Amino acid sequence: MRSPSAAPSPPAPAQAPRVPDRFQGVWDQEKGSCDPASEMRTEIAERGITFYESHGAVTALTVDSPERITVELAMQGEGEKWTMTRTFTLSEGGAVL
């Protein structure tokens, strides 16, 4: 008599890539105020990016250099969903000016 084989365990959920700490924060155009009403405001968190009227979950991330990353995002906003790739480069070595 054969013993029943154990059911295969489900795969572990994949963890979303994490944006490096130095890229996280609230960013705006050069003369922007980082006010939530600014159309150029961008908020980068460890696993997502929020733009003026949309939000994206990070689905892939490439660290091109210490000052440059490329992120792939699963976006949604204003009732729509899409994918987007964006590259972010820290100017002045990421210094707070």
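Read along the sequence, the chain follows the pattern β-β-β-β-β-β. Put another way, there are six strands and zero helices. Please keep in mind that this is a predicted model.

How are the strands arranged? They form an open sheet of six strands in the order 1-2-3-4-5-6, with antiparallel pairing. Strand 1 (25–27) and strand 6 stand at the edges with a single partner strand each, so one side of each has no neighbour in the sheet. From one strand to the next, the twist averages 25°.

| Strand pair | Sense | Bridges |
|---|---|---|
| Strand 2 (residues 42–44) and strand 3 (residues 48–50) | antiparallel | two bridges |
| Strand 3 and strand 4 | antiparallel | three bridges |
| Strand 4 and strand 5 | antiparallel | nine bridges |
| Strand 5 and strand 6 | antiparallel | ten bridges |

Ile44 has Ile49 in strand 3 as its bridge partner, and Ile49 in turn has Gly56 in strand 4 as a bridge partner. Further along, Val63 stands opposite Ile69 in strand 5. Thr70 has its bridge partner, Thr87, in strand 6.

**The hairpins**

Next, look at how the chain turns between strands. Strand 3 and strand 4 form a hairpin with four residues between them. The hairpin of strand 4 and strand 5 has two residues between its strands. Strand 5 and strand 6 also form a hairpin with two residues between them, and Glu78 in that turn has a positive phi of about 50°.

**The nonpolar core**

Which residues make up the largest nonpolar core? There are twelve in all: Val19, Phe23, Ile44, Ile49, Val58, Ile69, Val71, Leu73, Met75, Met84, Phe88 and Leu90. Strand 5 (68–77) and strand 6 (80–89) each supply at least two residues of this core. The largest share, four residues, comes from strand 5.

Apart from its neighbours within four places in sequence, Leu73 is in contact with Ile49, Phe51, Gly56, Ala57, Val58, Thr59, Trp82, Thr83 and Met84.

Let us begin with Thr70, which lies in strand 5. Is Thr70 buried or exposed? Its relative accessible area is 18%, and because the cut-off for buried is under 20%, Thr70 counts as buried. The side chains of Thr70 and Thr87 are joined by a polar contact of 3.1 Å, and Thr87 is also the bridge partner of Thr70 in strand 6. Setting aside neighbours within four places in sequence, the residues in contact with Thr70 are Ala60, Leu61, Thr62, Asp64, Thr85, Arg86 and Thr87.

Leu61, one of those contacts of Thr70, lies in strand 4 (residues 55–65). With a relative accessible area of 21%, Leu61 is partly exposed, because that category runs from the 20% limit for buried up to the 50% limit for exposed. Which residues does Leu61 touch, not counting those up to four places away in sequence? They are Pro17, Arg18, Val19, Pro20, Ile69, Thr70 and Val71. Leu61 and Val19 are 42 residues apart in sequence, and their C-alpha atoms are 7.4 Å apart in space.

Finally, Ala45 is found in the loop between strand 2 and strand 3. Ala45 counts as partly exposed, at 35% relative accessibility. Leaving aside its neighbours within four places in sequence, Ala45 is in contact with Val19 and Gln24. Ala45 and Arg18 are 27 residues apart in sequence and 8.5 Å apart in space, C-alpha to C-alpha.

**The chain as a whole**

To finish, here are some totals. The chain has 97 residues, of which 22% count as buried. It exposes about 7,300 Å², with carbon and sulfur atoms supplying 52% of that area. Among contacts with a separation of 6 or more, residues 24 or more positions apart account for 30%.

How values were computed
Residues numbered from 1 in each chain as written. Predicted model: local features only at pLDDT ≥ 70, side-chain atom pairs only at ≥ 80, totals over all residues. Heavy atoms only, no water. Core = buried A, V, L, I, M, F, W, Y, C linked by side-chain atoms within 4.5 Å. Buried < 20%, exposed > 50% of the residue type's maximum accessible area, 1.4 Å probe, protein only. Contact = heavy atoms within 4.5 Å. Pairing = 2+ DSSP bridges. Axes fitted to C-alpha atoms, helices over the stretch in contact; angles between N-to-C directions. Polar contact = N/O pair within 3.5 Å; in protein donor to acceptor, adjacent residues only side chain to side chain. Areas by Shrake-Rupley, 256 points an atom, 1.4 Å probe, with all protein chains shown as cover.
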